[in-house]
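The sequence and the model are shown first.

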Amino acid sequence: IEVTVSCPETAALVLKTTFHPNWRVTVDGVAETTFMVSPSYLATVVPPGRHLVVAEYRSDPWRTPLLVIGAFVAVGLVVFRRRVEALVARLATGRSRRAGS
């Protein structure tokens with residue numbers, strides 16, 4: 001998100017996007033802290049005058065590897081469905097034997 005804002009005095013700029021700690025906001029290239037305003041919108045403080053505000057969401061670096069692992073697990077479950085069902089049946093049979101003992 002890139003906006004040019006102008007205000008006569010220090011003000012809170014509210015961006016109508018859902019707040020998350022991974023949002024990074026700069027005002028004229030200087031990093032600013034962000035905070036949440038109700039109802040869960042992203043906000044930052046802007047000094048008086050005309051400014052270029054850039055808000056950028058940066059996802060966590062571990063999200064992509066987790067997505068890839070999840071995709072492999074899903075494909076593996078589809079490909080080896082019968083083996084997984086047989087394993088689950090064997091485990092269920094083993095539990096019922098132990099419960100009856």
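## Overall architecture

The protein chain of this predicted model contains two helices and seven strands. From the N terminus on, its elements run β-β-β-β-β-β-β-α-α. The radius of gyration of the protein chain is 25 Å, well over the 13 Å that the globule rule gives for 101 residues, so the chain is more spread out than a compact globule. Along the principal axes, the C-alpha trace spans about 80 × 30 × 20 Å.

Among contacts between residues at least 6 apart in sequence, 63% join residues at least 24 apart.

## Surface and charge

Of the 101 residues of the protein chain, 16% count as buried. The accessible surface comes to about 7,800 Å², and carbon and sulfur atoms account for 62% of this area.

The protein chain carries 12 positive and 7 negative charges, whose mean positions are 27 Å apart.

## Backbone geometry in the loops

Most residues other than glycine have a negative phi, and most peptide bonds are trans. The loop between strand 5 (34-37) and strand 6 (41-46) holds Pro39, and the peptide bond from Ser38 to Pro39 is cis, with omega near -5°. Ser40 lies in the loop between strand 5 and strand 6 and has a positive phi, near 70°. With a relative accessibility of 28%, Ser40 counts as partly exposed.

Asp28 is located in the loop between strand 3 (23-27) and strand 4 (30-32). The phi of Asp28 is also positive, near 55°. Asp28 counts as partly exposed because its relative accessibility is 46%.

Technical notes. Residues are numbered from 1 along each chain as its sequence is written. This is a predicted model: local features need pLDDT of at least 70, side-chain atom pairs count only at pLDDT 80 or more; totals for chains, interfaces and linings use all residues. Side-chain values use heavy atoms; hydrogens and water are left out. Helices (H or I, at least four residues) and strands (E, at least two) are DSSP runs, numbered from the N terminus. Buried means under 20% relative accessible area, exposed over 50%, partly exposed in between (1.4 Å probe, protein chains only). The radius of gyration is taken over C-alpha atoms; the globule rule is 2.2 Å times the number of residues to the power 0.38. Contact means heavy atoms within 4.5 Å. Accessible areas come from the Shrake-Rupley method with a 1.4 Å probe; for residues, only the protein chains shown count as cover. Lys and Arg count as positive and Asp and Glu as negative; His and the chain ends are not counted. The place of a charge is taken as NZ of Lys, CZ of Arg, CG of Asp or CD of Glu.
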